[in-house]
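This report describes a two-chain model, moving from confidence to the individual chains and then to their contacts. Please keep the sequence and the structure at hand while reading.

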Amino acid sequence: MQTIKIEILGTGCKKCQQLEINTKAAVANLNLTAEVAHITDPVEIAKRGVMSTPALAINGKVVSKGQVISPEQIQPLLQH
Amino acid sequence: MFDPFYPFDWLATQIVTQLLGLSITSHLGSSLHFFLYDVPKVLTLLIVISFLVGTFQSFLEPERVRFLLQGKRTFVGNILAAMVGIVTPFCSCSAVPLFIGFLEAGVPLGVTFSYLMAAPMVNEVAVILLWGLFGLKVTLIYIGFGVSLAIASGYVIGRLKLEKWVEPFVWELQKARQVTSLEDADTLEPVTFTWRQRFEQGQFQSSEIVRSVWLYVVLGIAIGAGIHGYVPTDFITRYAGASNPLAVPIAVILGVPLYANIAGVLPITEALVNKGMSMGTVLAFTMAVTALSLPEMVILKKVLRTQLLAVFVGLMTVGIISIGYIFNALLT
């Protein structure tokens, strides 16, 4: 199975950590293999066109920003 | 005038006089009343307002703000930026992505700065505390002066043409964007929130804020209560009153390292104001705590040359100190 590349874009705030937890839960629920990276460098975040953190990028594409989404909301995004 | 906080006052008075049998004018009685009145009042305000702000912030995403401010060159842009700064929530952690995102899309540097100054100064915690502790009038004055300062400073930075002191990679990003355009970032489908989701965000925001500040609030109010009941008035008036010309600058300097502890410090200043500390000094102090925060400076250093950071800090410092003096002069 193909490994999904997931990036959490956030500067280390509580919300960003919550998003990381939710994302890992979503990955585990679906029995997927994914590589989850937490990007904290604000310049890197800006380069991806994101202005409100936390944001979630899957395989290099930003799929959510500015809010914490639940594992249930993340799962359909992972299945694309 | 209608006092929305009357029930809190009534309850605190009942507890002190009826339950504990203390006189409200005694040292211990007035201290206890201060504590029992302020703690529930401030915590209630914090919970309710941060919930509302968290719920409605999903209507004003930074992308929408950026679109509003794009290409606005003149004074109008600065005014608009500062006004939008009032209503958008701000976290110093997103200052850099916002800064780059604005410049990239062609929002002028001065206009970007007006936004960056107004947004943290008029943040929900500071506004809630000012309203709860000092009343609506003081809060509106604070917002008014804060926004004017953000407009004026941003305008000055715009006129000085300081673009050369922004780290060059920001402009390279801007150029790259003009070629590939923002299409890529904007292909993200606009998320449509249900009310349920908005309320969830509000609840998250509220519990987050309350969890991070409640201890400071309670401790600050406890110290304030002690001052309220036991410290003699002439002592405070002599050192922090309007007659001491050094009070304002000292308050501003003290405010800089206190970032995020505004929740604990404002209740102390409330007690000091009751004892004769002047209001302008408090306003200047609050602005210094919110607008001149050290962590934000450190973060902004990533995109700004030291010279521009110095201009930013200098303009704000001079502006805040002036506001303190003006306000003290107007009131005395």
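## Confidence

Helix H10 of chain B (residues 183-186) has the lowest mean pLDDT among the elements of that chain, 47, whereas helix H8 of chain B (residues 136-159) has the highest, 92. Chain B as a whole averages a pLDDT of 83, with 92% of the residues scoring at least 70, and for the complex the predictor gives an ipTM of 0.74 and a pTM of 0.81.

This is a predicted model, in which local features need pLDDT of at least 70 and side-chain atom pairs count only at pLDDT 80 or more, while totals for chains, interfaces and linings use all residues. Residues are numbered from 1 along each chain as its sequence is written, and chains are lettered from A and ligands numbered from 1 in the order in which they are written.

## Chain B

Chain B has 17 helices and 0 strands, where helices (H or I, at least four residues) and strands (E, at least two) are DSSP runs numbered from the N terminus. Its radius of gyration, taken over C-alpha atoms, is 22 Å, close to the 20 Å that the globule rule (2.2 Å times the number of residues to the power 0.38) gives for 332 residues, so chain B is as compact as a globular protein of that length. The C-alpha atoms of chain B fill a box of roughly 75 × 50 × 35 Å along the principal axes, and of its contacts with a separation of 6 or more, 87% are between residues 24 or more positions apart.

Buried residues, those with 20 or more other C-beta atoms within 10 Å of their own C-beta atom, placed from the backbone, make up 45% of chain B. Beyond its neighbours within four places in sequence, B:Ala288 is in contact with B:Ala251, B:Val252, B:Gly255, B:Val256 and B:Ile320.

## A helix pair in chain B

B:Val127, B:Leu130, B:Trp131 and B:Phe134 in H7(B) meet B:Leu136, B:Val138, B:Thr139 and B:Tyr142 in H8(B). By class, this contact has 7 nonpolar, 1 polar and no charged residues, with Ala, Val, Leu, Ile, Met, Phe, Trp, Tyr, Cys and Pro counted as nonpolar, Asp, Glu, Lys and Arg as charged, and the others, Gly among them, as polar.

## Chain A and the interface

Chain A has 3 helices and 4 strands, which run β-α-β-α-β-β-α from the N terminus on. For its 80 residues, a compact globule would have a radius of gyration near 12 Å, and the 11 Å of chain A agrees with this. Of these residues, 39% count as buried.

Between the chains, 19 residues of chain A are in contact with 21 residues of chain B. On the side of chain A that touches chain B, helix H2 (42-47) and strand E4 (61-65) each supply at least two residues, and the largest share, 5 residues, comes from H2(A). The residues of this side divide into 10 nonpolar, 7 polar and 2 charged.

Terms used:
Contact = placed C-beta atoms within 7 Å. pLDDT = per-residue confidence, 0-100. Buried ≥ 20, exposed ≤ 12 C-beta atoms within 10 Å, placed from the backbone.
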